Amino acid sequence: MVVVSVRSWVANEGGKHFVLMLWLGANIWLFMKTFLLYSTGKQYHYLYKMLGLGLCISRASASVLNLNCSLVLLPMCRSLLTFVRGTHTVSSRKTRRLLDKSKTFHVACGVAICIFSVVHVSAHLVNVVNFSMSYSDDFPALNLARYRGEDPKLIILTTIPGVTGVLLVLILFLMFTSSSYCVRVSNYEIFWYTHNLFIVFYIILMVHMVGGALKYQTNLEAHPPGCLRANQSSTEQHGEELGQNEDEERRCREEAHFQPHCPQTWLWVSGPLCLYCAERLYRYIRSSNPVTIVTVIRHPCDVIELRMLKKNFKARPGQYIVLNCPGVSSFENHPFTLTTCPTEIKATFGVHLRVVGDWTERFTQLLLPESRLDMEILPMVQQRRYPNLYVDGPFGSPSEEVFNYDVSLCVAGGIGVTPFACVLHALLDGWTGFRLQRLYFVWVCRELQSFYWFAELLCAVHHKLWQENRPDYFNLKLYVSQPDSLQCMSEERYRPLTSRLLVGRPKWKLLFDEIAKTNKHKKVGVFCCGPKGISSTLHRLCNSARSSGTTFEFNKESFS
């Protein structure tokens with residue numbers, strides 16, 4: 001049983017839970033404030049008498065929806081987040097680690113939008129029924145129905161709020177269902193296309209309030225709520241006899257006047273929406289010129305390495321880019337971690353992509369149309385005319401923080417090694433100015449051949465550090481999880497890897513205890529890119545208590 005350490009928990013969970021509490025508090029405060037306004041506000045007295053709690057709940061949920069419809073866009077401003085992350089004078093490491101949760105915050109806002117949309121729609125369905133049944137003859141301007149007993153379905157389908165509301169619900173339903181994990185894994189294209197309906201969603205959202213279904217009273221001084229109208233006595237209203245003078249004091253000086261609210265949704269949404277649109281325009285201009293594909297290398301286990309060249313392209317180790325190939329799909333964009341960054345010596349940059357799914361299969365066919373199906377252990381380089389390819393980015397990721405700890409532990413599962421390959425290239429290329437003093441590197445693969453993706457890189461880093469008399473700087477462990485696939489890396493140049501190759505799965509707790517014992521009272525950055533099982537185990541161990549005083553800060557790689 002793992003005992004949770006308060007210090008470790010605060011280091012790993014404190015920041016995001018603090019932001020979560022702020023966000024929940026803002027939602028609750030906004031809901032209650034709006035609810036009380038519509039239930040007790042004098043300007044809504046007659047409307048509340050007609051609609052009851054449905055009015056308060058519908059408007060309170062609308063306020064929460066306005067808030068979250070504005071916030072949900074901010075985590076998707078990737079260039080802005082990358083800029084903030086890269087400006088170390090502006091953002092601390094804690095702030096940068098919070099930025100890694102931007103996708104989680106986006107999902108939380110999306111779920112809140114779906115939940116409060118259900119509440120909002122349900123309350124308005126009650127309101128429509130009340131508009132029909134509680135038709136007011138005294139205040140005709142308040143009515144949304146044209147006559148008493150009008151069919152609620154007719155009211156919905158013949159008013160701007162009703163029609164736009166139905167369209168918004170349909171779009172939101174498509175976006176929500178296609179965002180599920182099973183849909184994203186089985187058919188990413190469905191997720192991509194339906195998620196881009198957000199543009200239509202926001203346009204309709206702006207129009208939704210134009211109809212002015214709900215009205216407030218404007219002449220409260222001349223017509224206080226509950227005052228006696230012409231031809232009405234206090235006896236009729238309260239069932240008790242009052243003097244004529246009191247009747248005169250309580251009598252309305254004029255009839256109640258009502259008008260709809262000015263639409264306020266645009267006040268909430270316009271700022272973030274303009275910011276997002278400006279960013280998309282900037283990214284479009286930045287990625288408008290196709291890159292030059294220099295080399296395509298086929299690696300074992302269905303992995304393709306792509307080397308590219310782009311003018312004025314700069315990136316930091318750990319960042320990722322988004323690829324768009326019109327020959328496959330003009331609208332689909334897929335993220336891939338950089339495995340090599342441009343340097344002063346060489347201007348090329350590269351990615352490794354695993355051929356899984358329709359997009360990567362078709363992209364590979366365009367890159368290597370005549371490639372044979374049989375795989376070779378040594379990479380095979382093919383020269384040919386390549387398709388147009390556009391690159392957007394680079395964008396920030398948690399792996400950028402590897403160099404900002406004294407001690408870092410990088411754990412990769414399979415193709416999840418790509419973020420750390422760029423880190424190793426940086427060590428090999430002699431990057432300076434970082435604080436990293438020791439790097440632990442653990443790579444788990446099912447098949448032995450997967451290690452050949454970066455075998456030469458690992459050996460080169462090992463030899464470089466040995467020549468610099470820093471053998472303890474880089475601690476490497478390789479694990480083959482399937483013993484059936486175990487063969488021998490017989491090549492002489494791979495001998496440093498053979499001695500560090502183990503069969504089975506890592507004993508994570510023993511590994512953490514060993515690192516904690518060696519690095520007492522230090523903060524160790526733990527970086528993971530791999531299956532959920534590995535990341536969950538590492539996350540739990542990072543929050544566990546240790547007598548050595550070592551704190552493990554967990555960072556998980558995820559693309560937004």
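Colleague: Which residues touch the most other members in the largest nonpolar core?

Modeller: Happy to start there, with the reminder that this is a predicted model. The core has 40 residues, and Leu424, Phe441, Trp443, Leu458 and Phe474 touch the most other members. At least two residues of this core come from each of β10, α16 (418-428), β11 (438-445), α17 (455-467), β12 (474-480) and β14. Another core lies apart from it, with 27 residues, including Val291, Phe313, Ile321 and Leu338.

Colleague: What makes Phe441 count as buried?

Modeller: Buried means under 20% relative accessible area. Phe441 has 1% relative accessibility, so Phe441 counts as buried. Leaving out residues up to four places away in sequence, Phe441 touches Cys410, Val417, Phe420, Leu424, Leu458, Phe474, Asn475, Leu476 and Lys477.

Colleague: And Phe474, buried or exposed?

Modeller: Phe474 has a relative accessible area of 8%, so Phe474 is buried.

Colleague: How do you know which kind of aromatic pair Tyr405 and Phe527 form?

Modeller: Two rings pair if their centres lie within 6.5 Å, and planes over 60 degrees apart count as edge-to-face. For Tyr405 and Phe527 the centres are 5.8 Å apart with 75° between the planes, and the pair is edge-to-face. Tyr405 lies in the loop between β9 (390-395) and β10, while Phe527 is in strand β14, so the pair ties together parts that are 122 residues apart in sequence. Both Tyr405 and Phe527 are buried.

Colleague: Why is the pair of Phe441 and Phe474 called tilted?

Modeller: Under 30 degrees would be stacked and over 60 edge-to-face, with the rest tilted. The planes of Phe441 and Phe474 are at 45° and the ring centres 6.2 Å apart, so this pair is tilted. Phe441 belongs to strand β11 and Phe474 to strand β12, so the pair ties together parts that are 33 residues apart in sequence.

Colleague: How many aromatic pairs are there?

Modeller: The count comes to 21 aromatic pairs. There is also an aromatic cluster formed by Phe198, Phe201, Tyr202 and Tyr276.

Colleague: Where does Thr550 sit, and why is Thr550 called buried?

Modeller: Thr550 is in the loop between α20 (532-542) and β15. The relative accessibility of Thr550 is 4%, so Thr550 counts as buried.

Colleague: Which backbone oxygen does the side chain of Thr550 reach at 2.8 Å?

Modeller: That is the backbone oxygen of Asn519. The side chain of Thr550 also reaches the backbone oxygen of Ala516, at 3.1 Å. Setting aside neighbours within four places in sequence, Thr550 is in contact with Ala516, Asn519, Lys520, His521, Lys522 and Val524.

Colleague: How do you know that Cys227 and Cys252 are joined by a disulfide?

Modeller: The cut-off is a sulfur pair within 2.5 Å, and the S to S distance of Cys227 and Cys252 is 1.8 Å, so a disulfide joins them. Cys227 lies in the loop between β1 (215-217) and α12 (234-238) and Cys252 in the loop between α13 (244-250) and β2 (258-260), so the link ties together parts that are 25 residues apart in sequence. The link is right-handed, with 105° about the S-S bond, and both Cys227 and Cys252 are buried. The structure holds 1 disulfide.

Colleague: What makes Leu167 partly exposed?

Modeller: Leu167 has a relative accessible area of 38%, so Leu167 is partly exposed. Leu167 is found in helix α8 (residues 160-178). In sequence Leu167 and Ile204 are 37 residues apart, and in space 7.8 Å, C-alpha to C-alpha.

How values were computed:
Residues numbered from 1 in each chain as written. Predicted model: local features only at pLDDT ≥ 70, side-chain atom pairs only at ≥ 80, totals over all residues. Heavy atoms only, no water. Helix = DSSP H or I, 4+ residues; strand = E, 2+ residues; numbered from the N terminus. Buried < 20%, exposed > 50% of the residue type's maximum accessible area, 1.4 Å probe, protein only. Polar contact = N/O pair within 3.5 Å; in protein donor to acceptor, adjacent residues only side chain to side chain. Contact = heavy atoms within 4.5 Å. Core = buried A, V, L, I, M, F, W, Y, C linked by side-chain atoms within 4.5 Å. Phe/Tyr/Trp six-rings, centres within 6.5 Å; stacked < 30°, edge-to-face > 60°.
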